[in-house]
Amino acid sequence: MTPPISVLIVDDHPVVRRGLRALLEVQEGIEVTGEAGDGATALALAAEHAPDVILLDLKLPGMDGIAVLGELRARDSAARVLVLTSATEPASASLAVRSGAAGVVYKDIDPDALVRAIRSVHDGHLLLAPEAADALARSVGVEVAGLGALTAREREVLAEIAKGRSNREIARALGVAEKTVKAHVSSVLAKLGVQDRTQAALLAVRNERR
């Protein structure tokens, strides 16, 4: 039997935490392992419970969500972080993803869509609200026109990158050698004029929304 997805809720508003807990506790295959109202508590609970997914607000007292993301990365945390925020500024979403977030959605999201988002990031996908995807793609200065330069195989590799998969996982999915995937990834980044896999994934997500 597949174990449930364990979720840590991090938000400074008790009413929001209570509402999220009520929503998630009735979902099949999801369990809430704890709640935190500030960054320091979030890190302590993450270390104690090792949740699969951390539902993280960016606006927290003391240590904010970006700082929490940075510390989780420094600790090499395996948790997938889904940012749930009311901060719609493009810079906030961009910084969150660059700091290690696996997804960014906004607090006006439909409850069922939020549950799907949690499952999606847990499965290894990069999940961005349409507004966040557009803002992020603009912030990294990439152009959709660059996709036209990719070969069919490179497009397949880009699609796998957008799912958050590693070179090894892409190699397994496409039935090719890992070193071949590495070469394709380098070519994709060069042709798109981006610096890293995150930027390439953002471009792919933005293109899907068009």
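Helices and strands here are DSSP runs, numbered from the N terminus.

I begin with confidence. The mean pLDDT of the chain is 85, and 88% of its residues reach 70 or more. Among the elements, strand β1, residues 5–10, has the highest mean pLDDT, at 97, while helix α6, residues 130–139, has the lowest, at 62. Where pLDDT is low, predicted coordinates should not be read in detail.

Ala 50 is found in the loop between α2 and β3, the latter being residues 53–56. This alanine has a positive phi of about 45 degrees, although it is not a glycine. Is Ala 50 buried or exposed? Ala 50 counts as exposed, because its relative accessibility is 54% and the cut-off for exposed is over 50%.

Asp 76 lies in the loop between α3 and β4, where β4 covers residues 80–85. Its phi is near 60 degrees, a positive value in a residue other than glycine. At 67% relative accessibility, Asp 76 also counts as exposed.

Helix α2 spans residues 39–49 and helix α3 spans residues 65–74. Their axes come within 10 Å and cross at roughly 30 degrees. Angles under 35 degrees count as roughly parallel, so α2 is roughly parallel to α3. The crossing in which α2 passes α3 is right-handed.

Next, a glycine in a strand. Gly 34 has its place in strand β2, residues 30–36. With a relative accessible area of 10%, Gly 34 is buried.

I close with helix α9, residues 178–192. This helix has 15 residues and reaches 21 Å from its first C-alpha to its last, close to the 21 Å expected at 1.5 Å a residue. Which residues of α9 are buried? They are Val 181, Val 185, Val 188, Leu 189 and Leu 192. These residues cover an arc of only 95 degrees around the axis, which puts them on the same side of α9. The face turned away from that buried side carries the exposed residues Lys 179 and Ala 190. Just after α9 comes Gly 193, with a positive phi of about 70 degrees.

Thank you for your attention.

Note on methods:
Residues are numbered from 1 along each chain as its sequence is written. This is a predicted model: local features need pLDDT of at least 70, side-chain atom pairs count only at pLDDT 80 or more; totals for chains, interfaces and linings use all residues. Side-chain values use heavy atoms; hydrogens and water are left out. pLDDT is the predictor's confidence in each residue, from 0 to 100. Helices (H or I, at least four residues) and strands (E, at least two) are DSSP runs, numbered from the N terminus. The expected span of a helix is 1.5 Å times one less than its number of residues. Buried means under 20% relative accessible area, exposed over 50%, partly exposed in between (1.4 Å probe, protein chains only). The arc is that of the directions from the helix axis to the C-beta atoms. Axes are lines fitted to C-alpha atoms, for helices over the stretch in contact, and angles run from 0 to 180 degrees between N-to-C directions. Angles under 35 degrees count as roughly parallel, over 145 as roughly antiparallel, 65 to 115 as roughly perpendicular and the rest as oblique. A crossing is left-handed if the near helix is turned anticlockwise from the far one by less than a right angle, and right-handed if clockwise.
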